[in-house]
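The sequence and structure are shown first.

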Amino acid sequence: MTILLLLGVSFIAAAILGFVGDRKFAPEINIVCSLATFVISMALAIQVYYDGSFMAGRKFFFIDAFNVYLVVLTSFVSTTTAVFSRRYMRREREHGRVGHWGMRFYHAMFQLFIFAMFLCLLTNNIGVLWIAMELATLSTVLLVSLYKTPTAIEAAWKYFILCGVGIAQALFGTVLLYFAAEKVLGEGGDALLWTNLSQVSGQLEPTVLQLAFVFLMVGYGTKVGLVPLHNWLPDAHSEGPTPISAVLSGLLLNIALYALVRCKVLVDGSLGTNLAGNIMMGFGILSILVSAFSLLRQKDIKRMFAYSSIEHMGIATFAFGLGGPIATFGALLHMLVHSLTKSSIFFTVGHAAQMHDTQEMSRIRGLIRGNPLVGWGLVLGVMAIVGMPPFGVFTSEFLILTATMKDAPLLTPFLLLGLGVAFAALFRRVQPMVAGHRPPYQHLLKVAHVPVVLHMVLVLVIGLYMPNFLSQWFHMAVELLK
Amino acid sequence: MSEILSYLLEGLQILLLLSAAPVFTGWVRTVRCWAQGRTTAGIFQPYRDLMKLFHKDIVLAENASWIFRFTPYLVFGAAVLAGAIIPILSVDLPLSTTADVIALVALFAMSRFFTALAGMDIGTAFGGMGSSREMTIASLAEPAMLMAVFTVSLASKSTSLSQMVQVIGHGQLILRPSLAFALLAFVLITLAETGRVPVDNPVTHLELTMIHEGMVLEYSGRHLALIEWAGMMKLFLFAVLGIASFFPWGIAEAGNLIALPLALLLLIAKLALAGAGLVLIETGLAKMRLFRVPEFLGSAFLFATLGMLSYFMLE
Amino acid sequence: MPISFAAQLNSVLAALILLTAFGLLAQRRIYGLLHLFAWQGLFLSISTAVVGYAAGQHHLYISSILTLALKVIVLPYILHVLIIRLKIQKEVETLVNIPATMLMGIALVIFSYHLTSPIRELSTLVTRSTIAVALATVMLGLLMMITRKHAVTQIIGFLAMENGLFFAATSATYGMPLVVELGVALDILIAAFIFGIFFFHIRTTFDSLDVEQMARLKEED
C-alpha cells in the first residue's frame, strides 16, 4: 500500500505538472510532492526497520534494507533538489533560457524520473528493473537538452545513444539470466523475481550466468559511468540544467550501481567464485585512475565534478567488488555520503555559475565575498568529497581502504594514487574560485540555503557520529549482500 | 563392363558440352531479344558464327609469342576438362574421382591466367587494360567462389562433385539457409566470372568498359573461334555447376542408364529456366561502374560467408 | 505443419534476419534503410509466430502481433513521416569502406557464435540454434551505430539492435514474461517519440542530421 502510494504520488505529480508546470506555483507543487514521497519513504523505512524485509503486490515489489535506504535517499535528495530548483529555474526562466513549454516539461520529467527510480528500486522483477532503468534514461534525455544549445543537444544525443546501447546489453544479460532461471524455476514471470532467483542461485547454470554478468556489467556499468563506458557522463552533467546534474550524479548513478549489485549477488551465488567481484574491481580501479587524471585537465566546473562522480562511483564499485563485510559496509555508506555531498556541490556550483553567467572555472572568482553560503558551501563540499575528516566520505573511504589493505593489498597504492590525484586536482581548482575579490561581472543573487546546509550537516553528522539505526541498517544490507 | 560404360558416359557428356554450349548461348540471346522486342537470329546462330570464324585466316601480330598462340588451345582444353568433371547427366564419371571442385576452380583460374597473359603479350593498350581489370575481378571472385563451393561441400560433406550431387539430390528435402546463401553468392559470381551484365557486357566493344573483350581483341580466325567457344562452354558450365550443386534432382545415378533420357529432359528444362533467369537479371540491371565491382563481389563473398556461417550456426 | 519443418522455417527466417542486418549495415539510402528495417521486423514477427506454434506457447502470438504492429507498421511509419517532414528523403550517406565494415560484421557473427555456444549446448528448445543469430543481430546493430554518422541511421541501428534482443528472448527462452515484453515495447515507443523530437532539434541547431558535426564537446588539453 505504502509502495503504491509512493509510486502513485510521483507519477500523478508528473501528470499534473505536465499541465501546470509553467505556472507560478509549479515549483511548490514539485516540492510538496517530493516531500510527500520523502515522508512515505520514511514510513516504509520504519516498517522495514521493525518488521524486516517483505514483499508486496503478489511478489511484484520487494523491500529490504538495501533498497529501502536508497529509496529514502532518493526521495530526500529529490526533495532538496526540488527546493534548489525553485530559485535556480526561476532565474533561468528570467534569463530566457527556458520557456513555458520547457518549464512544464522540466517539472513533469523531473517527477517521472523520480518515479522511474522508485520503480527501479522497489520492483522485485529484474525485467521490470530494466524497463524502469530505461525509463529513467529516457526521461532525463530531453532534460539534458533543455537549453537547446548545440552543445546541450550534442550531449543529450550522446547520452541517448550510448546509454541506449549500454542498456541494450543489459537486456541481453537479463534474457540470459531468465534462460538460466527458467531451467530451475520453470516458465513464467516468477522466474524473473529476484527473491526467487536469490533462493535458487546455487542451482543456476554457472557458464550462462558468467556470460550474463558480462553483459549486465557492460550494460549497467554504462549507466554507472564506469571507465571506459563513461563518455556520455561528463557531457550530460555539464550541459543539462544543474538540478538535473545533481540528481543524475547523486541518484541515477546509485540506482544503476544498485541494479549491478543485485545481479552480482545472483552471479556470486551461482559461480561460487569471485569472478563478478574481480570484474567490478577492475572497472572500479580503472574508473578511479582515469577520472582522477582527467580531473586535472578540466576547465568547466560542472564537467570537473562529473569526473569526480565517476571517480566516486568507481570507488563504490570497487568496494562492492571487493566484498566482505567491511568493504560492503563502506560501499553502502559511500553511496549515501557521495550522493549527499555531490548534490550539495552541484547546488553551490549551479549558483556560482549563475552568478558569473559561465561555467568556466577561470572566470569564477571571489565566491566567498560574493555570497558566503555559496563560497563556503563549495569549500566544505569539496573538502568533504576529497575525503577530508571529519566528513562522512572520509569514514567510508577509510573503511574501503582498510578492507583493501586486508584483502587486496596490491591494489592499495592504485587506490591511494587515484584519491591523491583527485585531491590535488580539486583543491587546485577550487581555491582560486572561492578566495579573492569579487570580479566586476559577478551578480548578487538570492540562493537556496536550505538544501546546501541540510546536506552538509548530514554529511558532517554521519562523519562524526554514525546514528545507530543507520549502522544497523547497513549491517542488515551487508548480510543480504553476502 | 560398368567401367567401359562410365567412359562412354564421360565421352557422351563431353560431346554434349561441346554441342550444347553454343545452343545455350543462342538461347540466352534469343530470350534477350524477346525481352527487348527484337527479332531473333535463332538459337543456332552461335554455330554459324563459330563456323565463320573457323574459316577465316589468322592474323598474328609480329611480336606475338608462343603464349599468344598457345592460349586459345589451353583455354579450350581447360573448358572441356572442366566439363568432364561436372556431373551434367550422370554422376558416374571416371574423372570425377580424380578431380574435385577445388580442381575445377583451379582450372578456371588457369585459363583466366593465360588469357590475361595473352592479353598483355601483344602490348596493346586495350589488352593490358583488360588483363588488369580481369585480374582485379578474379582476385575478388575466386575467394567468394571457393567460399560458396565450400558451403555446399560442407552441407554434403565432400568436395567431390559426384558425391555432392548424390548427397543433396537424394537426401531429405529440407530448408537450408546455407545453401540459399551459397546459391545467391554463386549467381553473383557467375555474373562476374562469365562477364555478364552488371560487371561486363559481352555484346559491346566499347573501349572504356571492356574487360574480357579487351583481352581477346587481338585474336582472329581459328584462335578467336576457340576462345569464343570456350567462353560459351564456360557459361554453360557455370549453369550446369549451379544445377548440379543446388538443384541436382534428376541427375542419373551410377549404372542407371534408364534414367538418362529423363535426366536429359530435366537438364534441358533447367537450362532453359536458367537462361531465362540470366536474361531477367541482365535486362533488369544496368552495368555498374568498374570501381563498384569490388563492392558487388564483396557482397558475393559476404553471402558465401554467411552461408557457411549459417551452416554452422543454424543446421 | 510438423515441428521439424517449423524449426527449419525458423532457421530460414533467422538467416533472413541476419541478412537484413547486414543489408542495413551497407545500405546508403534512407528509404532503403527504412524498408530493410521493416522487412527485418516482418521476419521477426513471422519467426515469433512460428516458434509460438512449434512450442505451443500461445503468448508468443501476442508478441508476434505486437512486433508486427510496432516494428513493421508504427515505427517505420513514424520514421517515414519524420523523413518527409525533415525533407531528407533523397539524402545519401557517404560510407567509407563498406568491405571493412562487412568483414568486421562477419567477425562479430563468429564472435557471437562462440559466445553463445554454452547456451546452445544447455538449451533443449527447438530454437536454440538461432540464439547466435540473435546476438549477431544485436552486435551488427551496435556496429551500425558506431560506424554510421547520420542521426536517422543511428536510430535505425538502435532499433535493429532491439530487434535482435527480442529475437534473443524468443529463441533462448520462448520470450520473456508478457509484463516485461509489454514494458520493453512501451519504452521503445517512448524512445521513438524522443528521437522524433531530437531530429527536429538537431536539424534546427545544426542544419543537418549528420552527427559528425557534433564534435564540440571534447576533452580540452
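## Fold of chain A

In this predicted model, chain A contains 19 helices and two strands. Its radius of gyration is 21 Å, close to the 23 Å that the globule rule gives for 482 residues, so chain A is as compact as a globular protein of that length. The C-alpha trace of chain A spans about 70 × 55 × 45 Å along its principal axes.

Of the 482 residues in chain A, 64% count as buried. When contacts in chain A between residues at least 6 apart in sequence are considered, 81% join residues at least 24 apart.

## Contacts between chains

Two pairs of chains are in contact, and chains A and C share the most contacts. In that pair, 36 residues of chain A are in contact with 39 residues of chain C. On the chain A side, the elements that give two or more residues are helix H5 (126-144), helix H6 (150-185) and helix H8 (206-224). H6(A) provides the largest share, 16 residues. By residue class, the side of chain A that touches chain C divides into 21 nonpolar, seven polar and eight charged residues.

The contact between chains B and C takes 16 residues from chain B and 20 residues from chain C. Here helix H8 (177-193) and helix H12 (293-314) of chain B are the elements that give two or more residues to the chain B side, and H12(B) gives the most, with eleven residues. The residues on this side of chain B comprise eleven nonpolar, three polar and two charged. No contact joins chain A and chain B; their closest C-alpha atoms lie 18 Å apart.

## Cis peptide bonds in chain A

Most peptide bonds are trans. The bond from A:Val227 to A:Pro228, however, is cis, with omega near 5°. A:Pro228 is found in the loop between H8 and helix H9 (232-239) of chain A.

A cis peptide bond also joins A:Pro389 and A:Pro390, with omega about 10°. A:Pro390 lies in the loop between helix H15 (372-385) and helix H16 (392-407) of chain A.

## Positive phi angles

A:Lys148 is not a glycine, yet has a positive phi of about 60°. This residue is found in the loop between H5 and H6 of chain A. With 15 other C-beta atoms within 10 Å, A:Lys148 is partly exposed.

In chain C, the non-glycine residue C:Tyr174 has a positive phi near 55°. C:Tyr174 is placed in the loop between helix H7 (151-173) and helix H8 (178-206) of chain C. C:Tyr174 counts as buried, because it has 23 C-beta neighbours inside 10 Å and the cut-off for a buried residue is 20 or more.

Conventions
Residues are numbered from 1 along each chain as its sequence is written. Chains are lettered from A and ligands numbered from 1 in the order in which they are written. This is a predicted model: local features need pLDDT of at least 70, side-chain atom pairs count only at pLDDT 80 or more; totals for chains, interfaces and linings use all residues. Two residues are in contact if their C-beta atoms, placed from the backbone, lie within 7 Å. Helices (H or I, at least four residues) and strands (E, at least two) are DSSP runs, numbered from the N terminus. Ala, Val, Leu, Ile, Met, Phe, Trp, Tyr, Cys and Pro count as nonpolar, Asp, Glu, Lys and Arg as charged, and the others, Gly among them, as polar. The radius of gyration is taken over C-alpha atoms; the globule rule is 2.2 Å times the number of residues to the power 0.38. A residue is buried if 20 or more other C-beta atoms lie within 10 Å of its own, exposed if 12 or fewer, and partly exposed in between; C-beta atoms are placed from the backbone.
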